[in-house]
Amino acid sequence: MARRVGFGTLWLLMLAVGIEAKNGYAPGSGIVAECLGNIMRLMVDGNFLQGRSLEVDAVYGTDVVPITSNLASQCGYSRKSDPWGNVRLFASLQNCFSYPLNDDNFNTTVRLRLTGTTASEDAVQIVSKMCKRSLWAFREILCDRNYMEVSVGRKLLDIAVKLPLGQKAPPKGSGSVVPEQPVVSEYTMWKVLFYMPRGEKTLTVEEAFKQGYGLESSPNRLVLRGSQNSSEAYLTDVDGVPMYVLKTSTFFRQKWMVTLVDAAVACPAGGVSFTEDLITWMLPRIISPLLTSAAFTLLEVHMGIDGEQLDGITMASRGYVLTVTDLYITVQIPVGSQDGYYKSYAPGYQYHIAFTVEPMLELLWHEEDLHTDTRYKVLYPITTPLRPMPPHLIDNTIPQKRMFEVVLGIFLPDVQLVNITLGSLLLSVAEANAQGFAVENTFPNGSKTFSLQVPFSDPVVLKDTTELQVKIFILPLVFGLLILPELAPFSHPAVLEASLQDIILPTATGTCDQENFYVTVTLGSMGPNMLTMIGKTILTTEIASGYGYEANGTHFSIAVPFRAVDAIYELVEPFSLRSRLDMTFSDPVNNTNYNEFSISCGFPVTMAECFPNGTMTVLAIKVESVPQLNPMYLTLRDPSCKPVFYNDRVAYFSFGVNTCGTRRKFSKNLMIYENVVTLPMMQSLSNASIKTSLKPLYRLQASCHYVINTTQMMAFNTRAQLNVPLAATGIGKLSVRMRLSLDGSYTAFYQDTDYPVVKYLQQPLYFEVELMQSTDPLVELFLENCWATMDDQTFPKWDLIVDSCENPGDSYPTLFHPVSADARVMLPSHFKRFEMAMFSFTANGTAVKEKVIVHCDIILCDASGPQDSLCNKQCMNKQRISRLGTSMLKRVHRSVTHKGPVKRRVSSGPVMLG
């Protein structure tokens, strides 16, 4: 393919001698090249750059050409970067420096060079990518951010193929693929005719090159490339969307013949609208400057990002919407989508942000009149309008720490803190960090905040003192910031102020028992000269003595009864009263409050009593929530029944269960008497003329429960002779307990505070059942039946051990474990151990995550008596530990005179399915 570009003397020899070019990637991670239709995309990770600038050179054989901004638009290159330093380079497959083996295969090679570094393997990387493109449309249009390109098919002519001016043919063995040059014919590009609304303009090929146009030809195709800002391009309106248009005819000449090829390209320059959350991009469906008639068919429409097509599933997952109507092809992209990025700006030295994303539209249409196809691709970078984001200063200063602590943010990662001005002192970040002033914080998503710490004692802090012995600390400061890589400056001023009392404030702590509040006060720097109030009462020497006042030079303590007049009743509960004690510490001279303290506790109080003679007593208490209540006006359900004692805080009633409107009802084996203490509807409050509302201001219900039928037992002994001494009869109890072991060693067990214990499905549970408070070696404990229930319910249940044997219907049968004597187990016959797998009950096929509790019936057997069938069941040998003959076992006597079986039932703590 013939290429004509005006490079002048920009050609340089390759510096990275001996570095082999890689197809699609370069040595080291983070560099990837991809073929995307008619473009090649090269992605360079910011980690490769390590904060340094990147220069890109085009490689053609052994020659290297720096890709400047002018050369990029002329030769088909574009470049973008994000705030994280990641770079994307796009190159047309038909760029000036590609090696076309034919119209189907194109090889592009670039050199990545870090500025300010030597030509080492770490500083220079060569990347080469071969792209195959066999399905070319008759016309291929590519719109990129800095150029417009059109490639059109043409009849086979003997076009003279020329290398760029001054360009050498690549040497053999250089590692690059070089096409064989065709025989030079007499057909050469002669001139280009530009069509514009104001008229036509003709430029020779050399003049077109000088004005920045790229012209490339092959026997089958002609490529024209130019900038949107070129003088021959014009802006026109296409269905409300502004578009740049470039229309040309390129002339080829022979001795006695001239032929021409028409080429036109149109690229959008607008059609974007914004809301706060959505970007809408509209492209005309009918791009009239590119059509000869309206008879055309739109065959394909694809949407993509950064030159890469996206399928429908990916678009839906990212919130992208593509719609096609009679007039427009519309793309909608959410602001903040994952394929874009936010960037910082500082217009007017004020901080702003904007969101940038680069969608792509790729169309394919067929024109009926010309019987030709056009493939149209647009890479269109979109940036939302600038949004002001004033930095937010968070003052975290705690004056008692005597240090200013502030955080400024939040910024995007392209913002850098350059300096801090403290008063009149300007410090760089390095100088501020050296003094421990500033620290840069980076959040996981890459955003930034900047923190500052300045001690009150530093000379840059201004100080003042008020009459109340309060010091004022003032710190004027300015944060100086830059936006990279544009080096756009902006700043954020602030004035910090904090106050600190020179005195040490008094503090208090407190506890309670069943009768008193116990308060200990640390005096602080005021000592005993401060004024202390309990509630609304000044703590005088006389009052303090009544509260057991004790003091030294730094503290004093008091014990205040919860019934004291200075205590406040907060809440009445069935068997307790919540009372609160408030204390205030102040300056007696200027009445300035230094500190406050409150403590609230519950105290046991009998609110109602029931006596066997049918008398009830009720104590009604005035609480904080009803300050208007006067207890003397409280009555029972019968308004004539008034309190037998009252004061301004309580009323006490005593009455018979058959009087004062007391009501009786029966419930099972109980007879219940109920009455209520209330304030009559029309009774005045506190001798005032204010009447109560229809809703009682105060209501307290009291009840007494009497058992109707009960059985009492009496024990007595008889003796034949008064003078025969008899041994005292002792009554003992045999206790049995069940515990859950932490593991199969049975050395550590869960405590009561550990329940409910959480276990996973089929996780083993190790239980131990123990006979306690017995030292009889002939007694042996056996498990008769064990089962599991949900909570404390009887049903549903699951059998674990049935008649001393494992449950045969259990898929995970219970396992018995032997018991051996050790330091804890003195008598192994008093212990039984078994293992089960954790399970759950089900409802409608779903596991119910309720508590599971295990229960066991146990039998105690004795070796000193005759055989008993309960102690010789089928599976007891599995449980038996000592080798006593079965004929030697019998049930243990419950008493000297009664020989019935001794049974006990034990249960475990709750176990929950994890």
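**Ground rules.** I am working with a predicted model, where local features need pLDDT of at least 70, side-chain atom pairs count only at pLDDT 80 or more, and totals for chains, interfaces and linings use all residues. Residues are numbered from 1 along each chain as its sequence is written, and side-chain values use heavy atoms, with hydrogens and water left out.

**Disulfides.** I looked up the disulfides (pairs of cysteine sulfur atoms within 2.5 Å) and found seven in the structure. I wrote up three of them, starting with cysteine 75 and cysteine 96, whose sulfur atoms are 2.4 Å apart. Cysteine 75 sits in helix α2 and cysteine 96 in the loop between β9 and β10, so this pair links parts 21 residues apart in sequence. The S-S torsion is about -90 degrees, so the disulfide is left-handed.

Next I checked cysteine 143 and cysteine 267, with sulfurs 2.0 Å apart. They lie in strands β13 and β21, so the bond ties together parts 124 residues apart in sequence. I noted cysteine 143 as buried at 2% relative accessibility (buried is under 20% relative accessible area, exposed over 50%, partly exposed in between, with a 1.4 Å probe and protein chains only).

Then I turned to cysteine 610 and cysteine 704, at 1.8 Å S to S. Here cysteine 610 is partly exposed at 36%, while cysteine 704 is buried at 0%.

**Backbone.** Most residues other than glycine have a negative phi, and most peptide bonds are trans. I therefore noted the exceptions with some interest. Glycine 409 and isoleucine 410 are joined by a cis peptide bond, and isoleucine 410 belongs to strand β35. The bond from leucine 484 to proline 485 is also cis, with proline 485 in the loop between β41 and β42. Histidine 371 has a positive phi near 55 degrees and is exposed at 62%. Arginine 402 also has phi near 55 degrees, but counts as partly exposed at 43%.

**Lysine 191.** Which strand holds lysine 191? I found lysine 191 in β15, residues 188-196. Its C-alpha is 7.4 Å from that of phenylalanine 252, 61 residues away in sequence. Leaving out residues up to four places away in sequence, lysine 191 touches several residues, including Thr202, Val205 and Phe251 (contact means heavy atoms within 4.5 Å).

Note on methods
Helices (H or I, at least four residues) and strands (E, at least two) are DSSP runs, numbered from the N terminus.
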